[in-house]
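Welcome! Please take a moment with the sequence and the model, and then we can walk through them together.

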Amino acid sequence: MASKDTYLESVIQYTGTGKKQPFYAFDYYWDANFNEHTVPGKDVDHWGFHNGFDNSQNLIPYQLSATEITQTHWSTYPAANRSPRLEYCIMGALKTIYFPTGGKEVFEYELHDKKGSSGATEQVGGLRIKQTTLYDGIDPGNNQIREYRYIEPNGASSGFLGEKAEYKFTENTYYNDGGWPSNPRIKNSRTTYISHPVNNLSTVGGSHIVYRRVEEILKSQNSNNGKVVYEFSNMDSVKNGLWTPQDYYPYRPVDRPIWALGLPVRTSYYNSSGVLLKEVLNKYKIKQQVYQNESFRSLYVSKKGEIDIQGGNGDGLLRFIYKCNNYYPISGSADLISTDELSYDNGEAKRKNIEYFYDPLYHLVKSIRTMSGDGNIVNQKKYYSFDYQLGASSPTGKMFSLNIINKPILTETWLEKQSGTTTNNFLIDATLYNYESLPNGAVRLRQQYRSVIERPILSANIAAFNPTVLIQTGRNLSVSNTYVSYDNRGNITEYEDRSARSTALLYDKYNNVLVKAENSRIAGIGYSGFEDNELGDIFSYGPAGRSEGDACVGNYCFSGSITKAGLPSGDYNLKLWAKGSGNITVNGVNQVISNVWTQYNWSFKSITSISLNSNGNKIDELRLSPAGSLIETRAYKGLVGIIAANSPGGIITYYEYDDFNKLRRILNDKKKVTREQQYNFKRPFYSSAKSAEYNNLHCPLGYIPSGTITYTIPENKYSSLISQEDADAKAQLDADLNGQAYADQQNNCIRGYKNAVVYRMFTKNNCPSNMVGEDVAYSVPEGRYISTFSQAEADAKALQDINSNGQAYANAHGSCISKVAATLTNSTGDDFYVFISGMSDPVLLTPGERVVRLTDRANCSFEVRPVNNPQGVYNFSFSNGDSQHGNSAAFNFVAFEGVHLFINN
């Protein structure tokens, strides 16, 4: 599963010049559900998968009883919903793989399920593949659809689940009346609830669920192409008593026979009409063993309860009850013992049976017995290092001590023929591998033997296998290959065939074969194409050295002197390609050369060294080998592949690659194309150039940024196989994630002053004559204006903004209301609150006069209260003649042009 923070978005290959080609892109199931966590880690199902339910108060999936609630503080907590939900579980799952050829593969998922105890299907957390669709991007008719059904033949789920999650355990307290343990009486019980499973949930092959049967439905866009049914082993394959919870708390280890589950037991192939075409049936030998000895014994302790010991003084002491038992682990294995392949043709079955027989101790295949439809039986027998008794210092003894036991030493193939009631066995082939121990302790193959049999040998004429003899008698074994030497990386450098003809091999630093020289010893050969990947320890080179470009093969050629000493005395041939003027000297023999790349040969008698001087000319593909040998060489481009193959006759075949190291052309020695390959990749979408402006937010106190910082994403920085929008979205994400951080890292801070916050009220003055405008606040936030001179200058700019733009802002954003106003007159020395219906806040009326604009209402109410409730009596009156006398007053009035409220002593 991917996360929004880290996920594989694409695989892109770059050339050395910066050219790039998206090879693969990946899309995932993302939507609003992905980040919809009530509390991280608490909206999960029983298996820990995201389910989106609000379990922020409680993760325990139980609703307590009324009795339990009275004894806890849990009364307000609902039972947690730990059920799985596909729309949340699927978040972050791989949805689509986009291929560079323009095709794609889409994955659809569904929740796991299993057959419940009642027979009904129950959903289980986690995802399984429901369907895959492979699109070639050319013709919808070529789409390949694979649908998967995890069902039994009757349609029921074939899923099998191990332990069920348990979230509670109960401990009892018993009376101390002598009834324990035969007749205990429970005094009280205590149940402990835990938010996560207290038992150990099981897995098989990393999955918490296993399926006994799966159908793979094969379809194209318009047709049914048949199906394949896979059947696997389940709990029926193992002994009873396993995978059964034993004691609840504390849960001891549950014996899980994972070695016997999920093994393929039957694969059936059907055509589009549902006709069975082929079956493959596997049988296994399931072994289980309990290791009941002191080396494996451990103790498990289970607390079963408590006894309340009242005693004579009623001190309420508790005596704890524990169950103790020995625990011995169980192990096992599953050995494939037979495979039946049944092919059906017009109702007739053809059978091929293969049986496997194992060593009882090491579980390695000792014999494979194959019976074909014609009745012939071929039996292949294998013998390993542990089958021999040649001594601890022998190669087989050494292999056994190093635990190298899975490499067959001897393999025999026997043919069983029935003659009447008699079965005759004939040896038809045998192969023996003879190893040797090297001084450094390593074991290497020394010789390979192969039987030379003109006609099958009857078993009665062959001695039985003798563990004290390496080369068994009667098998007509003779050496087919002898491996003479290895390099320090384990590569074979010289071997001999059955006729003792030697072949020498040289490798580059990537273990590619550089030289293969038949009829030659390793000490007598040499080669250099002067490329980077060669080891460089075959010849000794003079001071001039390599030069790049204008090479015959690859990237490099050479100019200068080269020597090789210590050759076995004999006749040798030296071949090279050269270009220049004048001559090249080898062991004192000059050769005039051409100004185009040409191959030249030297032959020498009875020499032990080579000395070469190019005399300032360029040479390439230098090859040295004994006379009579056949040498072929290869040049490579790093880890890319072969770039040239030079035959024993000196004919070079060239290999060219495209910018992304894919083989493009093969050329002959005349540089004529003999084969060309074209790769049709989907043209990727590249992002457009994008820039954004940011302010440096990390300037120190008293400093300001001198200006904005531009963060630029160049054109073509991001690519997509999906769409142009996807490529541009990647560029935008770059800006969103990195733009501000980039601006904050820039050194563009200067000494400066920011204006303080300032605001003023303006009355909208562009209303119709029968309406009045409301008051609107226009403010200038801190820092809108900056001065590098003084604080006063920054504040003056803010005031200038207020004066220049405040009225226009009020006219644009203010509202017009009916022209109804109240004149409030306070002739006292006290303050009053005037509460007016339709206004959320009271009006503070200090001594003097204040005009308040009212909304257009048929009726309005006023209530007047002293602010500090001073002692005294006041006279309140309205212009409509209403008046009151006292410490506060309330009035109703009918709206008209002017309303006047008077307050005096």
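## Surface and charges

The accessible surface of the protein chain comes to about 48800 Å², and carbon and sulfur atoms hold 48% of that area. Such areas come from the Shrake-Rupley method with a 1.4 Å probe; for residues, only the protein chains shown count as cover. The chain carries 89 positive and 91 negative charges, and their mean positions are 7 Å apart. In this count Lys and Arg are positive, Asp and Glu are negative, and His and the chain ends are not counted; each charge is placed at NZ of Lys, CZ of Arg, CG of Asp or CD of Glu.

Keep in mind that this is a predicted model: local features need pLDDT of at least 70, side-chain atom pairs count only at pLDDT 80 or more, and totals for chains, interfaces and linings use all residues. Residues are numbered from 1 along each chain as its sequence is written, and side-chain values use heavy atoms, with hydrogens and water left out.

## Overall build

The protein chain has 5 helices and 65 strands. Both are DSSP runs numbered from the N terminus: helices are H or I with at least four residues, strands are E with at least two. Along its principal axes, the C-alpha trace spans about 140 × 105 × 70 Å.

The radius of gyration of the chain is 46 Å, whereas a compact globule of 905 residues would have one near 29 Å. The radius is taken over C-alpha atoms, and the globule rule is 2.2 Å times the number of residues to the power 0.38.

Of the 905 residues, 38% are buried (buried is under 20% relative accessible area, exposed over 50%, partly exposed in between, with a 1.4 Å probe and protein chains only).

## Around Asp-387

Asp-387 sits in the loop between strand 20 (377–383) and helix 3 (395–401). Is Asp-387 buried or exposed? Its relative accessible area is 17%, so Asp-387 counts as buried.

The side chains of Asp-387 and Lys-366 are joined by a polar contact of 2.5 Å (a pair of N or O atoms within 3.5 Å; within protein, one must be able to donate a hydrogen and the other to accept it, and residues adjacent in sequence count only if both atoms are side-chain atoms). Beyond its neighbours within four places in sequence, Asp-387 is in contact (heavy atoms within 4.5 Å) with Lys-366, Lys-382, Phe-465 and Pro-467.

## Around Tyr-358

Tyr-358 belongs to strand 18 (residues 348–358) and is partly exposed, at 23% relative accessibility. A polar atom of the Tyr-358 side chain lies 2.5 Å from the backbone oxygen of Leu-336. Not counting residues up to four places away in sequence, Tyr-358 touches several residues, including Asp-335, His-363 and Lys-366.
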